[in-house]
Amino acid sequence: MAFWLARERRAQESTFIQRFDPRFWTVNFPRPAMASVVTTGPDSLRIDVELHHAGELVGLIWDSADTLDHPLLAYANDRDYSHTILSFRWQSDGVIALDQPNGPTLTIEGRDAAGLARTWYVRLWNYAEGSPTDARIKLPFSALESGYGLPGEPIHPADIDRMFISLVAPGFVAGSTAPLPARFEGSVTLSDILADGAGAMLELGDVLVPPHGERMATAYDDAYNQTPARLLRAVIGLGYREDLVHYVGMSHFMRLARQPDGSLKAAADGALCAPAAAWHTSFLALAKESGFEVIASLSYELFDAYCPESWKQRTASGAPALTGWVPPSSLLSPANPQAMGWLADVAKGFVGLLRASGQPVRFQIGEPWWWVTPAREICLYDDAAKAAFGGNPPVIADIAAPQNAAATALLDAAGVLLAQSTAALTAAVRAAAQGPSEVLLLAFTPTILNPATPELYRANLPTGWAAPAFDRLQLEDYDWLTAGADAARRAAYELVNARLGYALADQDYLAGFVFDPADAEPFWTRIDAGIDEAATRGITRRYVWALPQVNRDGYTRLASPPEQAMDPFDDVLYPFALGRSASVAPEFSTSIAVTASGHERRNSLWSDARLHFDVGPGIRSEGELSELIAFFRARRGPARGFRIADPFDNSSNGMTGAPTMLDQLLGIGDGLRADFQLSKAYGGAEPQVRPITRPRAETLVVSVGGAASTGWTLGDKGVLRFASPPPAGAEVRAGFRFDVPVRFAEDRLDISAVSFAAGEAPSVPLIEIRETA
């Protein structure tokens, strides 16, 4: 299917919004503070905050440049606020009031009239009418003055990058890490938000991509700073429908509780913090209004700083299971009852939010596994796990090394325990649903089925997950997909199907993601192809992971064109041998510009020649003439393609020689790539390379590293597909005979019986079809 990486909006649909539209404000804050912003109406929003230290500050932010939305949906970048007026009603609960020191302040970041970077601090109370907790505020940017009191220093309104309103708890001390006496909860509502004046309106992308059949995945850790309304607008605008996989995250949803040692850890009762609860309440309700069902996803991963030490998986040396994120997260031990109880309580909380919003209970258990460190140590040795495995389990120092019977027995036992933990979590979800529910399991095959760790599947793909343990099985393999490791991907599908037994109708596919924007072009090409491949395998529910990368890179999935009325190619051979008088003409397209001095500038427009044939001289009898007419009619003239044997060029060995396994270099193995396109090179130093899409399978011979190979199959359009990827550095070569895909060049076939009887051959022009390899 076609896709586009949109970098900017070019003549696509747009509309206008008021500057300061509630959907496009964001929040930001330092850990361990928590905050969220949601829209409460077309001109209102609400911010909820939870704070733990005297120096924590939450900012409600308006950015002049929209760096979060898809380029086709973003608002215009306008840094000039001259003669713009922002007004709103301010209502606060708990945060320091407008009239107090350290009260809500508008911080404006930009440049002064001389172009020098500046920051101004505008005390909102100076522009308020009403009480310190319920006031009308009017901010005329061309007349704003910075400072605690008025008069102050005028700001420069024509070059503003961003502005934010600060929210703090009573007792705020800038930069202080001292704990507050108790966890602080507060909120602010801005309503009647109105922009007026010369710069009151902004252009906004208003694209509505036709639905294309794919679905979207996102995560709260990636979107906690945005409004749910903003996210859902993007999902709808980009053509995604039906349902959403929403990972609740591992760092922003939990309530934190002060421990005896003064640290903050996830509250043992699994409660959600107030900002996350408010955000998800809004998200689920708006999703339902927009026709989306939300699949809430919870993993065994928790931000390391918030994770109690006893909950963490550990190596045999006692090191915690830490991911590569900065700062890291940790993996919860399936053996620890407190950790698993916390997960179950969190799940119940989200099930409650789903039910309260009227959403069906659909819940994903995301990537539960025993962690393996970069040093290939498997984390089976936390105290709870060791006790579950008999107290003194054998040490697996290197999961990639060959394992003895005791080690494989331990891995099998770990798989049993992991399956028991997911079964318990499934039961908790179903009980909390108090009615119909759907529980899905997500597995990441590049880790749990890594060929470098061949025994890891025992622990991380347990048979206890076999159907019908879950309603649906979801798979993702983006590391392999973006690396081109197609053989590993295919082998994983076969192993998962054989081991777990889920019908294709009960499987989903998650495609993505692109961590580094520098990889956008090649990675999204492979991701998009992976989505199409999943569709051809019969996977009907396909999710793109994830929305932040889609927006950042401008990935735009386009709907399929209407189904063609007929197959454009019949894989049949032209029924007559080409006679001696048949003609073949290779054609290139070259742009030639002649300068005034007579010199030429030549530009080759095609990378490969296109062949023209006239096969009429091969017709030798009236019987063959009748057969030609029937063949022409069966092809509907030029509507349907077919094969023809080129008598002058049909072999990988020279032009017509017998093929050998060393004829054509198809590529160099890298240890991952398993698919190689058949091709033929013409010329020496800078050869013209011709993709071969219609080889004769019975003639194909292949070599890898100079040795004959049989571990392959021939796929569609001449793709050589290896069962195992050729090793790094090995030359992949092949020999073959091939046909040319052609069509009749014209809608009419002119044949004269008199002329034919007189020995004049008819003209039957054919033209080569350029097939996508």
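Strand 40 (residues 701-704) and strand 44 run antiparallel and are joined by four bridges, where strands (E, at least two residues) and helices (H or I, at least four) are DSSP runs numbered from the N terminus, and two strands pair if DSSP finds at least two bridges between them. The model is a predicted one, in which local features need pLDDT of at least 70 and side-chain atom pairs count only at pLDDT 80 or more, while totals for chains, interfaces and linings use all residues. Residues are numbered from 1 along each chain as its sequence is written, and side-chain values use heavy atoms, with hydrogens and water left out.

Strand 44 (residues 731-735) is mostly covered, four of its five residues being buried; buried means under 20% relative accessible area, exposed over 50%, and partly exposed in between, with a 1.4 Å probe and protein chains only. Strand 36 (residues 664-668) is also joined to strand 44 by four bridges, and these two run antiparallel.

| Residue | Opposite residue in strand 44 |
|---|---|
| Ile 668 | Glu 731 |
| Val 701 | Gly 735 |

Two packed helices are described by the angle between their axes and the distance between the axes. For helix 2 (residues 228-237) and helix 3 (residues 274-289), the axes come within 9 Å and cross at roughly 35°, the axes being lines fitted to C-alpha atoms over the stretch in contact and the angles running from 0 to 180 degrees between N-to-C directions. Pro 228, Ala 229, Leu 231 and Leu 232 of helix 2 meet Trp 279, Ser 282, Phe 283, Leu 286 and Ala 287 of helix 3, contact meaning heavy atoms within 4.5 Å.

Trp 465 lies in the loop between helix 8 (457-460) and strand 26 (472-476), and it counts as buried because its relative accessibility is 1%. Leaving aside neighbours within four places in sequence, the residues in contact with Trp 465 include Pro 368, Leu 418, Leu 441, Phe 470 and Tyr 502. The side chain of Trp 465 also makes a polar contact with the side chain of Thr 422 (3.0 Å).

Arg 19 is found in the loop between strand 2 (14-18) and strand 3 (26-28), and with a relative accessible area of 1% Arg 19 is buried. Residues up to four places away in sequence not being counted, Arg 19 touches, among others, Trp 62, Asp 78, Asp 80, Tyr 81 and Met 201.

Methods
A polar contact is a pair of N or O atoms within 3.5 Å; within protein, one must be able to donate a hydrogen and the other to accept it, and residues adjacent in sequence count only if both atoms are side-chain atoms.
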